[in-house]
Structure formats: structure tokens, C-alpha cells
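Dear colleague,

I am handing over the structure below, and my notes on what was found in it follow directly after.

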Amino acid sequence: MRNEYPEFRDWSVAAVKLLQGVVEFEDGRAWNLVLANSSQLEQYFARLGLQLVVDESEGLAYLRQFAAETLPAGYEAIPKLFKATRLSFGQTLLCVLLRDALRRFEDEDTRDDRCVVDESELLDQWKGYFAAHGDEVRQQRELQSNLKRLEDLGFVRRFGEEPSRWEVRRILKARLTAEELEHLQRQLRTAIERRGQNSLSTAS
């Protein structure tokens, strides 16, 4: 077994952090390493079929798969590290609510660095998309379950010691642009209208 290692490169720290998830400005050393070694990191990840995205204005960096049509010959043989995530209706709805909260936060003149939402406020908005006399306890459980799923995806994280407050992470803005937000909002309205019509048909 070989005990020889190639010479250490400090950008390896940033590479591992990026493979683990999003690197943000507040990550300090990892963020600075990404900025200082972006060329080396881009070349390294490109060999794996991954694109490094660095958004300095938002203070975040992350990886995504190159679009299949942009890859040169031979790269199609590389297995995908990241698989497309299918979101349920509830998870999609929650993404829209959180993305809209982030948009409003950015429009406000505030000195806060983080967009933090109360779970109770989210629940009030959440209930507006379902039957007026639905089971509130069940709706709260569903909301919490979907929040946990989005936490696993890195879109939100619990804020402070209070379990009922959530920070909306800026990666959601990168994953869901303003144009995509409007498109999803239209789709949700259509889906909700159809649900309402089906309920009326069943009742009659």
C-alpha cells in the first residue's frame, strides 16, 4: 500500500465543503478559499461533470451538474453525483412561501443579515391554500414535516434556540429565481383551483 500523498493544496478544504453542500460568506475560511482558488476548483470539478457557481453578491458558492447538452464528448459517461429532487405539492408550496418571504425581506430597508420567519406566520399562510375548515393540527404537522424536508435540502435551518423560527437560506434564491417563482405561483393557483373544483364535484 502506498503511503505517499500528493502535495497538500489548501483548496482541498473548500472542495470537500462544496461537495458537502453550500459554502456561504459566514463560513469564513472555506469561503475565502473558494474565492482565492476558484480557477483550480472550477477545473477540478469540471472533470467530474460539475459546475462551480460563485455568487459574491449573495455570499454563496455551490455545485451543480452541467447540462447534458453542454458537455463535450466523453463526459456523458461520468455518473451523476447529484440527482434531481422531486418536490411534493406541499414542499413546492412551502418553497414558494419561503422564497416570497425572502423577496419581501430584501425589499425592506433592514439591517438584518438573515431572513427569519416564524412558524406560526407560515402556518397562517399555509392554511390559506387549503380547505377553510381543515384540521389545523394536521396542517401544522404537515407544515413541520415539509419544513424538515426543506431543512434536509439546505433551504432552511432552525434559527437560534427557538424551534418555531426558521432562517430562509439564500441558496433558495439561487435555486428558485424570481421568474421561476412567478411560474410556480401560477401553477399552484391552477392546481388549487382544480382541487376546489374536484371537491365541489364530489360534494354534489
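The lining of the largest pocket receives at least two residues from each of H1, strand S3 (60-65), helix H4 (89-107), helix H7 (171-175) and helix H8 (178-203), where helices (H or I, at least four residues) and strands (E, at least two) are DSSP runs numbered from the N terminus. Please bear in mind that this is a predicted model, in which local features need pLDDT of at least 70 and side-chain atom pairs count only at pLDDT 80 or more, while totals for chains, interfaces and linings use all residues. Residues are numbered from 1 along each chain as its sequence is written, and side-chain values use heavy atoms, with hydrogens and water left out.

The largest pocket holds about 1000 Å³ of space. A pocket here is an open set of points on a 1 Å grid over the protein atoms alone, where a 1.4 Å probe fits, with protein on both sides within 12 Å along at least five of seven lines, and lining residues have an atom within 4 Å of a point; the volume is the space filled by probe spheres set on the points, which are joined across faces, edges and corners. Of its 30 lining residues, Leu63, Lys83, Thr85, Phe155 and Arg175 are the closest to the centre. The lining comprises 16 nonpolar, 7 polar and 7 charged residues, counting Ala, Val, Leu, Ile, Met, Phe, Trp, Tyr, Cys and Pro as nonpolar, Asp, Glu, Lys and Arg as charged, and the others, Gly among them, as polar. Domain 1 (10-77) and domain 2 (89-202) each give at least three residues to the lining of the largest pocket, with bounds from an automatic or database domain assignment.

The second largest pocket has a volume of about 260 Å³, and of the 14 residues that line it, Glu26, Asp113, Arg114, Glu167 and Arg170 are the closest to its centre. Its lining divides into 4 nonpolar, 1 polar and 9 charged residues, and here too domain 1 and domain 2 each contribute at least three residues.

With best regards
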